[in-house]
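Please look at the sequence and the structure shown here before reading on.

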Amino acid sequence: MKTYIFALLYFLFISFYSFAQTKSRGIPASPYPFKANQPDGSLITLIQKGDGVVHWFETSDGYSVLKTKDGWFQYASLNDVGDMVCSGVTVGESTSGVSSLKTAQKRIKKHLRFSSKQIKRKKAELLWGGVTK
């Protein structure tokens, strides 16, 4: 009986330890483009990147995109500390978007990624229910 309890505790410990040490906590994003609606009803084509925990989007030409709290998809840029943030330039804007994009070219680059600090924060929020360290 002692052997059974010890084996069970050992299995639970190893399972929990392995689960807590995984690098990713979600399935990979679909590699296929999809149509997304902007709040004004316009359609844009995006590709989701990342996984179920840490995810963002890219346009078909490789520009990173984030979704704002208002539901708008905006091109991403890096802030002063290297975190990926919304640039303020909406994906799919007509003439004003093109000129805004051209003036923001120094901030808006292709294939941007979240910083390691942002990734750790997102994983901690999932694991600890919003409590970050």
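This is a predicted model: local features need pLDDT of at least 70, side-chain atom pairs count only at pLDDT 80 or more; totals for chains, interfaces and linings use all residues.

Residues are numbered from 1 along each chain as its sequence is written, and side-chain values use heavy atoms, with hydrogens and water left out.

**Strand 5 and its setting**

- Helices (H or I, at least four residues) and strands (E, at least two) are DSSP runs, numbered from the N terminus, and strand 5 covers residues 73-78, with S77 among them.
- Because 5 of its 6 residues are buried, strand 5 is largely enclosed by the rest of the structure, where buried means under 20% relative accessible area, exposed over 50%, and partly exposed in between (1.4 Å probe, protein chains only).
- S77 is itself buried, with a relative accessible area of 3%.
- Setting aside residues up to four places away in sequence, S77 touches D83, M84, V85, C86, S87, R107, I108 and L112, a contact being heavy atoms within 4.5 Å.

**Pairing with the neighbouring strands**

- Two strands pair if DSSP finds at least two bridges between them; strand 4 (residues 64-67) is joined to strand 5 by 3 bridges, and the two run antiparallel.
- K67 stands opposite F73 of strand 5, and the hairpin formed by strands 4 and 5 has 5 residues between them, with G71 in the turn showing a positive phi of about 95°.
- On the loop between strand 4 and strand 5 lies T68, which counts as buried at 17% relative accessibility and, apart from neighbours within four places in sequence, is in contact with Q74 and C86.
- Strand 5 is also joined by 4 bridges to strand 6 (residues 84-90), again in an antiparallel arrangement, and L78 stands opposite M84 in strand 6.
- Strands 5 and 6 form a hairpin with 5 residues between them, and G82 in that turn has a positive phi of about 90°.

**Nonpolar cores**

- A nonpolar core is a set of buried Ala, Val, Leu, Ile, Met, Phe, Trp, Tyr and Cys residues joined through side-chain atoms within 4.5 Å, and the largest one here has 11 residues, including V65, F73, Y75 and I108.
- The elements giving two or more residues to this core are strand 2 (43-50) and strand 5.
- A second, separate core of 8 residues includes V53, A76, L112 and F114.
- In soluble globular proteins, nonpolar side chains tend to be buried together.
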